Amino acid sequence: ESERVTRAATMIFTDNDKNEIMPIIKVLEQNAEKLGAESLARMFALYPGSKVYFHFEDFSAAGPKVKKHGAKVIGAITKAAHHLDDLHGHLEGLAETHGKVLLVDPQNFPKLCQCIEVTLASHLTEFLPSTHCSIDKLLTVICQILSSRYR
């Protein structure tokens, strides 16, 4: 049941959404480490409980492990964005890892996505409401898929 709902959710991307998403994905690809680290550091500052899953000495955006994991997170998002018509299939392995192996609380995914959106808005001069809506839609579907293995 949840798989059917998640698969249906990936069909919600209109041509307009795709046109809004892809330029942002290019920015993310070009700045994965910087934007990913800043997004993670925001999450760690706003939601200190999220630190429990990480064995980092420095939780700031300058921390080497924060930079590395930030780049990894943004890389996964940008790769997923190139598979909008099959996000579920593309992210299945990542959902399984986070849900069954790492046992990350799924409530952390939307928190990180919110921090990614804030980071983008603080860096991009043209982060229009329409762009924000499309990016939010993408990140929301990614969160739903990553949380799907907890059920």
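Tutor: First, a definition: axes are lines fitted to C-alpha atoms, for helices over the stretch in contact, and angles run from 0 to 180 degrees between N-to-C directions. Helices (H or I, at least four residues) are DSSP runs, numbered from the N terminus. This is a predicted model; local features need pLDDT of at least 70, side-chain atom pairs count only at pLDDT 80 or more, and totals for chains, interfaces and linings use all residues. Residues are numbered from 1 along each chain as its sequence is written, and side-chain values use heavy atoms, leaving out hydrogens and water.

Student: At what angle do α3 and α6 pack?

Tutor: About 125 degrees, with the axes of α3 (residues 32-46) and α6 (residues 108-123) 8 Å apart.

Student: Which residues of α3 and α6 meet?

Tutor: Among them are Leu35, Leu40 and Met43 in α3, and Leu112, Ile116 and Leu120 in α6. Contact means heavy atoms within 4.5 Å.

Student: New topic. Is Ser147 buried or exposed?

Tutor: Ser147 counts as buried because its relative accessibility is 12% (buried is under 20% relative accessible area, exposed over 50%, partly exposed in between, with a 1.4 Å probe and protein chains only). Ser147 lies in α7 (residues 129-147).

Student: What does Ser147 touch?

Tutor: Pro106 and Phe109, not counting residues up to four places away in sequence. Its side chain also reaches the backbone oxygen of Cys143 at 2.9 Å.

Student: And how do α2 and α4 cross?

Tutor: At roughly 150 degrees; the axes of α2 (residues 15-30) and α4 (residues 64-81) come within 10 Å.

How values were computed. Helices (H or I, at least four residues) and strands (E, at least two) are DSSP runs, numbered from the N terminus. A polar contact is a pair of N or O atoms within 3.5 Å; within protein, one must be able to donate a hydrogen and the other to accept it, and residues adjacent in sequence count only if both atoms are side-chain atoms.
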